Amino acid sequence: MSESIAVVGASLAGLTVVRSLRARGFRGRITLIGAEPELPYERPTLSKEFLQTGEPVGLLEGHAETRSLDAEWILGQRAVGLSTGATHVVRLDDGRDISADIVVLATGARPRLLPGFETAHYLRDLRDARRLRAALANTTRLAIIGASFLGSEIAATAHESGLEVTLIEQALLPSIGVLGETVAAACTALHARHGVRLHTGTSVLTHRDGVLELSDGTGVPADTVVVAIGAEPETDWATADQTMRSATHLHADDGFLTGPTGRTTVPGVYAIGDCARPLDPSTGRHRRTEHWHNAITQAHLAAATITGTPAPPPAVPYFWSRQYGHLLQFAGTAHPAAVPHLIDGDLSSPTFTVRYDLDHTPVAVCALDNPRLFTRHRKLLDRSICSAEGSEQRIAG
Ligand SMILES: Cc1cc2nc3c(=O)[nH]c(=O)nc-3n(C[C@H](O)[C@H](O)[C@H](O)COP(=O)(O)OP(=O)(O)OC[C@H]3O[C@@H](n4cnc5c(N)ncnc54)[C@H](O)[C@@H]3O)c2cc1C
């Protein structure tokens with residue numbers, strides 16, 4: 001077994017792989033390197049509770065867990081290069097080199113910048129969230145560019161804090177690619193129900209004299225502007241320096257390319273979480289997923305592979321979103337040809353459950369405020385969809 005492991009990125013995926021490695025009996029040296037100065041915290045709360053309370057939620061279970069992980073923490077230091085070989089070396093921005101037999105890349109993602117709006121608010125980490133929270137305290141009218149899950153959550157939270165909120169979305173219907181037309185329309189209706197304005201099928205041109213000018217000629221008054229148009233994987237740090245071996249050997253187009261268990265194209269280097277683009281054995285395609293549950297799943301898979309211990313049972317992708325006090329949950333794989341079937345509730349009411357079938361086979365389930373029924377269908381999907389995937393993963397090891 002390898003004697004030392006360096007994990008780059010000390011957040012959800014990075015912490016989970018360390019937990020899983022220790023739980024699976026890895027006794028060697030672990031170094032956890034994180035660009036943020038804070039110990040790992042729950043990122044999903046940043047667009048929800050944190051904007052109201054200002055209290056981050058830590059991921060670690062106190063000092064006892066920190067001690068039991070027995071890892072060397074290097075926080076507030078960015079990795080700026082990776083040299084791979086018989087021993088790998090992670091270079092830090094203070095010039096230090098950290099050597100390890102195995103490196104796990106868990107550097108997440110950063111907000112996609114909107115040209116012309118680089119100085120607007122973006123929300124990815126605690127520093128962004130603190131800045132946004134301070135700005136919202138002095139805001140009457142908030143405009144959010146991008147109405148997918150993140151933009152919608154910020155809109156809902158700001159609305160609950162008494163702000164006048166406008167959402168602007170380039171697509172005709174937000175989140176249609178994931179939820180399909182019927183369910184996306186039902187979820188989008190939540191904004192209107194709470195008095196949040198939504199402009200769709202239009203883009204922003206400028207923000208001048210407190211007014212956002214839209215491409216359809218509308219002017220949206222806004223004291224504060226948030227841009228939430230997606231994220232890009234944090235991979236440049238490992239591939240930008242062409243003098244380092246990893247730069248040419250790591251494939252990192254839209255995420256570090258990996259097999260199903262997190263192995264990258266360089267032996268002994270793994271990638272997990274938002275920064276990774278693993279092979280999905282059910283489709284034969286590489287796909288990057290930016291959800292909490294995915295970061296956990298990939299971390300356990302990588303830890304199992306590194307330690308040669310059994311992989312966790314296969315599970316379908318899962319995410320949730322909270323808006324206006326409602327819980328939206330989705331599990332499975334979105335497919336444009338999947339047909340939605342209402343299995344409980346009413347799409348015009350605040351509670352419903354929809355199952356998506358492809359060729360008469362369930363492939364996904366989505367629910368608004370119906371966690372019990374949702375969980376039952378999610379478990380069925382885990383059992384049916386993942387049985388083939390599970391055997392492939394066990395063979396691939
Ligand atoms: C505001 C917000 C709300 C969300 N809400 C939900 C939700 O409701 N439901 C859901 O399913 N998912 C949600 N997500 C997504 C979920 O939080 C992410 O999928 C998850 O955090 C991914 O974990 P990760 O460890 O891969 O990446 P991250 O959490 O992004 O962590 C990566 C870490 O690596 C560090 N890093 C980056 N580059 C370097 C470097 N060069 N050197 C050292 N460290 C580096 C970063 O600073 C960061 O701490 C939300 C995300 C955000 C931003």
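Visitor: How much space lies in the second largest cavity?
Guide: About 90 Å³. The model is a predicted one, and the count of cavities of 30 Å³ or more comes to 2.

Visitor: Which residues lie nearest the centre of that second largest cavity?
Guide: Ala 147, Ser 152, Ser 175, Cys 187 and Thr 188 do, out of a lining of 13 residues.

Visitor: Now the ligand. How many residues surround it?
Guide: The ligand is surrounded by 33 residues, and the closest are Glu 36, Arg 43, Lys 48, Ala 79 and Arg 124. The shell splits by class into 16 nonpolar, 9 polar and 8 charged residues.

Visitor: Which elements each supply at least two residues of that shell?
Guide: They are α1 (12-23), β2 (29-34), α5 (149-160), α9 (292-307) and β21 (318-323).

Visitor: What lies 2.6 Å from an oxygen atom of the ligand?
Guide: That is a polar side-chain atom of Arg 124. For Arg 43, an N or O atom of the side chain is 2.7 Å from an oxygen atom of the ligand. Ser 11 has a polar side-chain atom 2.8 Å from a ligand oxygen.

Visitor: How much of the ligand's accessible area does the protein cover?
Guide: The protein covers 94% of the 1,000 Å² that the ligand has on its own.

Visitor: Something else: what is the phi of Tyr 324?
Guide: Phi there is near 55 degrees, a positive value in a residue other than glycine. Most residues other than glycine have a negative phi. Tyr 324 lies in the loop between β21 and β22 (326-332).

Visitor: Is Tyr 324 buried or exposed, and why?
Guide: Tyr 324 counts as buried because its relative accessibility is 7%, and the cut-off for buried is under 20%.

Visitor: What about the phi of His 360?
Guide: His 360 has a phi near 65 degrees, which is also a positive value in a residue other than glycine. This residue is found in the loop between β24 (352-358) and β25 (361-368).

Visitor: And is His 360 buried or exposed?
Guide: His 360 counts as exposed, because its relative accessibility is 79% and exposed means over 50%.

Visitor: Last one. What separation is there between the C-alpha atoms of His 360 and Thr 31?
Guide: The two C-alpha atoms are separated by 48 Å, and the residues are 329 apart along the chain.

How values were computed. Residues numbered from 1 in each chain as written. Predicted model: local features only at pLDDT ≥ 70, side-chain atom pairs only at ≥ 80, totals over all residues. Heavy atoms only, no water. Near = heavy atom within 4 Å. Polar contact = N/O pair within 3.5 Å; in protein donor to acceptor, adjacent residues only side chain to side chain. Areas by Shrake-Rupley, 256 points an atom, 1.4 Å probe, with all protein chains shown as cover. Helix = DSSP H or I, 4+ residues; strand = E, 2+ residues; numbered from the N terminus. Nonpolar A, V, L, I, M, F, W, Y, C, P; charged D, E, K, R; others polar. Buried < 20%, exposed > 50% of the residue type's maximum accessible area, 1.4 Å probe, protein only. 1 Å grid on protein atoms, 1.4 Å probe; cavity = no way out; pocket = protein on both sides within 12 Å on 5 of 7 lines; lining within 4 Å. Points joined across faces, edges and corners; volume = space filled by probe spheres on them.
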